[in-house]
Structures are given as structure tokens and as C-alpha cells.
Amino acid sequence: PEGVTSIGKNAFYQCTNLFRVTLPDSLVSLGQSAFSGCEGLLSITLPEKLEIIGGNCFDHCYNITKIVIPDSVTNIGKSAFNYCSGLTNVTLSNNISEICEYTFGRCSSLTSITIPDKVTNIARYAFGWCSSLTSITIPNSVISIGEDAFTSRSQLVIHCGVHSYAKQYAVSNGIKYDDGR
């Protein structure tokens with residue numbers, strides 16, 4: 001209901017028959033594993049005041065295909081969308097500074113993503129085992145990319161700046177890159 005500002009840890013954990021959720025506009029925080037294991041969940045719209053998406057929040061929500069993370073979000077926890085194998089379209093908040101470990105791990109249908117300009121760190125396995133990921137745009141603001149941030153590399157192209165850390169990472173890890181030249 002309207003007025004709710006937080007959904008706590010494990011609130012809807014493994015509610016496999018939950019198909020749609022309407023979150024109140026007043027919501028600012030989604031707790032750890034709040035919707036983890038909701039295998040039937042088809043779609044969710046995140047409210048414009050949301051600031052925090054807890055770790056494992058949507059872990060194993062196989063049927064979500066699209067997620068728009070509003071610019072109000074400043075923190076997305078570890079493994080927040082891990083195993084969202086149906087996820088094909090992600091729009092990230094422009095106000096996050098990091099992509100944590102396994103945030104989009106095993107999102108096997110995700111084909112492309114653009115990292116926002118305020119991000120400075122992409123943690124290890126952030127996009128691990130995203131077997132369909134062919135294109136990622138990484139801004140010059142990124143100064144750290146963790147070990148095996150991208151484990152499915154054969155088709156991946158990193159779009160990056162000429163003198164960027166992302167280009168150095170691509171070269172060091174045998175990943176194709178496009179620096180606009």
C-alpha cells in the first residue's frame with residue numbers, strides 16, 4: 001500500500017506463484033532477497049523514489065525480461081539480478097557508482113548494456129556467465145574492473161574510450177574492443 005517505504009529481507013522469498021507486483025510510489029528500499037526465487041514473476045516496475053536495491057533482491061527471477069532502474073537508485077547490492085536468465089533489457093540508474101559482484105551474473109539472455117558515467121568500479125563476476133552479452137559500453141569514469149567481470153568473452157565487444165581503463169582491461173583479457181577509432 002501507499003506509504004510503505006521499505007520491503008524487508010526475504011519478504012516475498014520463493015513466492016513462486018507471484019506473477020506481478022505493483023510497488024508503491026513511496027518505496028525507497030528493497031531489502032536483501034526481497035523477491036529472490038520468485039520464479040513466476042513476469043514484470044516489476046520500480047518506483048521513482050527507490051534508492052536501494054538489496055543484495056539478491058531479484059535473484060532467480062527467471063521470467064523478468066526488462067528492468068528500468070530509476071535514477072533515484074544509488075545502490076544495487078551484490079547478486080541483485082543474478083540468475084535472471086530471461087532478462088534482455090536493462091536500463092541502469094545514472095547515479096550508481098559501482099556494479100557489484102554477480103549483479104547481473106548468469107543473465108544469459110542479456111545482449112547489451114550501457115554503464116552509466118558515474119560508475120567507477122565493475123566488480124568481479126558482475127556480468128559473469130552472461131552468455132549472450134555481445135556489447136557493453138563502458139565510460140572513461142570506470143577505473144577498476146574485477147577479475148572475470150565478463151566470463152563469456154568470445155562474442156563480447158567492449159565499447160570504450162581510446163585511453164580508458166576499459167580498453168586496457170579488454171587488451172589484457174583478450175576481449176574485442178571498439179575505441180571509436
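Analyst: Glu2, Asp25, Glu48 and Asp71 form a negative surface patch. Keep in mind that this is a predicted model, where local features need pLDDT of at least 70 and side-chain atom pairs count only at pLDDT 80 or more, while totals for chains, interfaces and linings use all residues. Residues are numbered from 1 along each chain as its sequence is written, and side-chain values use heavy atoms, with hydrogens and water left out.

User: What makes Glu2, Asp25, Glu48 and Asp71 a negative patch?

Analyst: Asp and Glu count as negative, Lys and Arg as positive, and His and the chain ends are not counted. Patch residues have over 30% relative accessible area and no salt bridge, and like charges are joined within 9 Å. Each charge is placed at CG of Asp or CD of Glu, and areas come from the Shrake-Rupley method with a 1.4 Å probe. Glu2, for one, has a relative accessible area of 56%, so it passes the 30% cut-off.

User: Why is glutamate 2 called exposed?

Analyst: Exposed means over 50% relative accessible area, buried means under 20%, and partly exposed is in between (1.4 Å probe, protein chains only). Glutamate 2 has 56%, so exposed it is. You'll find it in the segment before β1 (6-7).

User: How do you know that glutamate 101 and lysine 78 meet in a salt bridge?

Analyst: A salt bridge is a side-chain nitrogen of Lys or Arg within 4 Å of a carboxyl oxygen of Asp or Glu. Here the N to O distance is 3.4 Å, so the pair qualifies. Glutamate 101 is in the loop between β9 (98-99) and β10 (112-114), and lysine 78 in the loop between β7 (75-76) and β8 (89-91), so the bridge ties together parts 23 residues apart in sequence.

User: What makes Lys78, Glu101 and Arg124 a network?

Analyst: Salt bridges link these residues. Besides the lysine 78 contact, glutamate 101 pairs with arginine 124, with the closest N and O atoms 3.1 Å apart. Arginine 124 is in the loop between β11 (121-122) and β12 (135-137), 23 residues from glutamate 101. Lysine 78 is partly exposed at 43%, as is arginine 124 at 37%. In total the structure holds five salt bridges.

User: Which accessibility classes do arginine 181 and aspartate 179 fall into?

Analyst: They make a salt bridge, the closest N and O atoms being 3.3 Å apart. Arginine 181 is exposed at 72%, whereas aspartate 179 is buried at 12%.

User: Why do β1 and β7 count as edges?

Analyst: The open sheet of four strands runs β1-β3-β5-β7, with parallel pairing. β1 and β7 each have a single partner strand, so one side of each is left without a neighbour in the sheet.

Technical notes:
Helix = DSSP H or I, 4+ residues; strand = E, 2+ residues; numbered from the N terminus. Patch = residues over 30% accessible without salt bridge, like charges linked within 9 Å, V, L, I, M, F, W, Y side chains within 5 Å. Pairing = 2+ DSSP bridges.
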